[in-house]
Amino acid sequence: MVAGNVFFLILRRMRAPLILLILIYAVSILGLTLIPGVDEQGRSAPPLSIFHAFYFISYTATTIGFGEIPQAFSNGQRLWVIVCIYLSVVGWSYSILTLLGLVQDSSFQHALTTTRFRWRVRRMGEPFLLICGCGETGSLVGRALDRQGRRFVVLEASKERVEELDLEDFKTDTPALALDARLPENLILAGLQHPRCQGVLALTNSDEANLAIAIAVRLLNPSIQVLARAEQRRTEDNLKSFGTDQVINPFERFADYLALAVHSPVCYQLVERLTGTAGQQLPSPLPLPPRGHWVICGYGRFGQAVARRFDAEGLDYSIIDPRSDLGHDKLQVVGMGTEAEPLRAAGIEGAVGIVVGTENDVTNLSVAMTAQEINPRLFVVMRQNQVANSILFQAFKAHICMVPSRIIAQECLALLATPLLALFLARLQQAGDAWAQPLEQEMQRRFGQEIPEVWNVRLNAQEARALHRTMVMEGSSVFLGDLLKNPSQRENNNNLLPLLLQRDGGAILLPGPETSLQPGDWLLFAGTGSARRDLWLTLFSEKTLTYVRTGRELAGSWLWQQLQGQHKA
Amino acid sequence: MNLEKVIFGFFIVLAATLNFGFFVGDIDNPTHHHVYELFAAIVVNLIATVLKFGDRTQIGAVHLATSLVADLQLIAAGIIWAVAVHVTGEGMTATSVSSVVSLAGGAMLANLVSVTLLVVETAMMRR
């Protein structure tokens with residue numbers, strides 16, 4: 001048992017002082033009942049009875065000091081009372097010091113925080129996610145989830161990180177605990193088997209830990225979603241082999257984007273538009289990697305992922321890496337790339353671009369600056385390892401900057417909030433530029449350079465109450481076009497673009513306004529914030545829904561609705 | 001041999017024997033039941049209770065429960081004694097003595113359960 005019951009811990013530690021106190025009381029009382037007293041005339045009187053002695057010791061030992069027993073003590077009794085007073089002071093001090101020591105004890109503190117954490121997790125009344133590992137990536141995801149008002153529980157190995165999390169003012173109440181998420185019992189403690197736990201995000205910076213977490217989740221609660229981060233391809237394959245829902249490898253994911261940008265720039269632009277942060281501006285024109293000779297500096301996980309895509313695209317490149325035997329048939333220069341010599345040897349003067357991807361941010365900046373000095377027209381793709389270095393990278397203005405933690409966080413959020421988007425993007429990349437061109441033009445016309453909101457809606461009783469009721473109870477047919485109308489003026493359409501309709505496992509890309517809707521359909525929309533709020537109104541208010549469908553104003557109150565219904569019948 | 005076990009066993013058995021010593025005798029005869037024996041029984045029972053604190057096993061929980069029962073009964077007996085002698089001033093009449101002794105008899109039953117548990121626990125440990 002990790003938690004260790006706080007109550008039992010107190011009882012066990014307090015055993016010695018309590019026994020000492022009982023003994024002191026017993027001895028003191030016994031003494032008082034044996035020593036003879038004295039009466040007013042100075043004659044010897046019988047000693048105190050046990051009852052009186054207990055009464056006297058009770059108020060003396062607790063230092064209340066009534067002084068209420070009427071008879072003055074004999075000198076013999078006084079002698080014994082002196083002993084009693086000092087004994088009881090020792091007894092109480094010992095008890096209080098033990099208690100204070102216990103409160104400061106780290107194992108006690110740990111038991112206390114663990115018990116509180118367990119209690120808070122158990123009381124979670126809303127659906128929540130479990131984030132394992134809250135470093136850079138985890139906190140990015142956490143903050144974004146918090147902004148969306150979603151609840152989550154955090155397990156993080158480092159105590160300092162958890163303390164920092166406590167200081168961040170999240171809107172929602174977020175239980176966080178410093179525990180090793182690799183141990184299954186800790187996962188259970190954090191609510192893995194809680195009925196409201198919806199999914200687990202394994203985001204630690206160790207591949208082994210993420211693997212262990214994903215396996216534990218698959219075995220202990222197979223019904224929930226697992227998202228795992230993997231930086232080695234071996235781990236990625238391993239994770240996929242036992243059915244992890246989503247594996248996010250930031251290097252492969254980024255290399256895919258880079259390849260997409262090379263061979264279908266329009267698709268790339270659409271992807272950027274749909275996965276970006278809503279409300280921000282897309283750079284215009286979007287920097288697109290040119291074709292030609294490239295230099296890859298740093299042939300680690302990142303460099304290899306990019307090189308594989310370049311091979312597939314048929315791009316020519318040379319490699320700079322400190323290791324000499326990479327077993328690669330391309331031109332290789334041994335070196336760091338921070339000086340001009342290796343860069344020249346790799347053909348930087350004739351190159352169109354450079355990919356700088358070592359694990360050290362200072363090296364990356366140094367290489368990029370040297371390379372740009374030699375060839376100012378270079379297209380620079382950089383890897384930024386630490387979020388803390390953002391200021392430097394912003395100042396350098398690379399064409400594309402790859403931040404692993406941001407890529408993972410973005411991917412996680414897209415998958416959690418808009419699962420249909422992943423499907424849409426996959427279809428988009430299959431279809432290619434020719435298909436994407438009209439869509440991109442339409443987006444450009446509607447939203448300009450601004451990144452729209454992208455969200456999905458399920459037409460069921462929870463996510464679209466009014467619409468669902470209209471379709472199921474009344475059996476009326478509703479068309480997609482009805483949902484696009486403005487709820488205050490149905491002649492106008494809102495700035496809302498349906499991207500995908502999923503029904504019974506099949507998917508329709510860009511469904512038209514004439515599409516008839518069915519209960520249980522999943523829809524993916526892109527649109528402005530106000531269009532999103534209007535759609536919500538249409539989906540939830542029967543009055544609005546009736547208006548956009550028929551143009552008829554429905555009476556607001558229940559009574560009027562009944563009367564209108566009667567009249568119609 | 002384990003000193004902790006010796007002390008533990010010692011106090012549990014002592015609590016039962018002292019309790020028995022107070023209980024034995026005619027139920028309504030005050031000369032057969034001395035108040036010091038009751039005092040000693042209460043003190044030793046309290047110590048035995050505290051010794052049982054913090055054991056989270058099933059048998060430990062039952063141990064603690066029996067001790068708490070014995071404490072409750074003995075303290076109730078002590079209160080009745082104090083009321084009879086000091087509050088109402090009627091002294092140790094046959095009625096008050098018999099109620100004090102019968103309460104102590106109940107406590108003894110709890111203490112016997114405690115001793116039985118101790119014996120069972122020891123018998124189960126085959127070392």
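Predicted model: local features only at pLDDT ≥ 70, side-chain atom pairs only at ≥ 80, totals over all residues.
Good morning. In chain B, among contacts between residues at least 6 apart in sequence, 70% join residues at least 24 apart.

Chain B has 127 residues, and 35% of them count as buried.

How does chain B meet chain A? Eleven residues of chain A are in contact with 13 residues of chain B. On the side of chain A that touches chain B, the elements giving two or more residues are α1 (6-13), α2 (15-34) and α3 (50-61) of chain A. Of these, α2(A) gives the most, with five residues.

I turn now to the nonpolar cores. The largest has 125 residues, and those with the most contacts inside it are L130(A), L201(A), I213(A) and I354(A). Helix α11 (residues 250-263) of chain A gives the most to this core, namely eight residues. Apart from it lies another core, of 45 residues, which includes L87(A) as well as F11(B), V100(B) and A110(B).

If we leave aside neighbours within four places in sequence, L201(A) is in contact with L129(A), L130(A), I131(A), C132(A), V141(A), L227(A) and C412(A).

Next, a residue in a loop. I224(A) lies between α9 (207-220) and β7 (225-229) of chain A. Why is I224(A) classed as partly exposed? There are 18 other C-beta atoms within 10 Å of its own, and a residue counts as buried because 20 or more lie within that distance, or as exposed with 12 or fewer. Not counting residues up to four places away in sequence, I224(A) touches C197(A), Q198(A), G199(A), V200(A) and V217(A). The C-alpha atoms of I224(A) and R196(A) are separated by 9.9 Å, with the two residues 28 apart along the chain.

The parallel strands of chain A come next. Strand β9 (residues 293-297) and strand β10 (residues 316-321) of chain A run parallel and are joined by five bridges. Within this pairing, C297(A) has I320(A) in β10(A) as its bridge partner. Together with helix α13 (residues 301-313) of chain A, β9(A) and β10(A) make a right-handed β-α-β unit. On to β11 (residues 331-334) of chain A: four bridges join this strand to β10(A), again in parallel, and Q332(A) in β11(A) is the bridge partner of I319(A).

Finally, I come to an antiparallel sheet. Four strands of chain A form an open sheet in the order β15-β18-β16-β17. Which strands stand at the edges? They are β15 (453-458) and β17 (506-509) of chain A; each has a single partner strand, so one side of each is left without a neighbour in the sheet. From one strand to the next, the twist averages 20°. Four bridges hold the antiparallel pairing of strand β16 (residues 496-503) of chain A with β17(A), and L501(A) stands opposite I508(A) in β17(A). Across β15, β16, β17 and β18 (522-527) of chain A lies helix α18 (residues 419-431) of chain A, running at about 95° to β16(A).

Thank you for your attention.

Note on methods. Residues numbered from 1 in each chain as written. Chains lettered and ligands numbered in written order. Pairing = 2+ DSSP bridges. Right-handed = clockwise from strand over helix to strand, strands pointing away. Contact = placed C-beta atoms within 7 Å. Core = buried A, V, L, I, M, F, W, Y, C linked by C-beta atoms within 7 Å. Axes fitted to C-alpha atoms, helices over the stretch in contact; angles between N-to-C directions.
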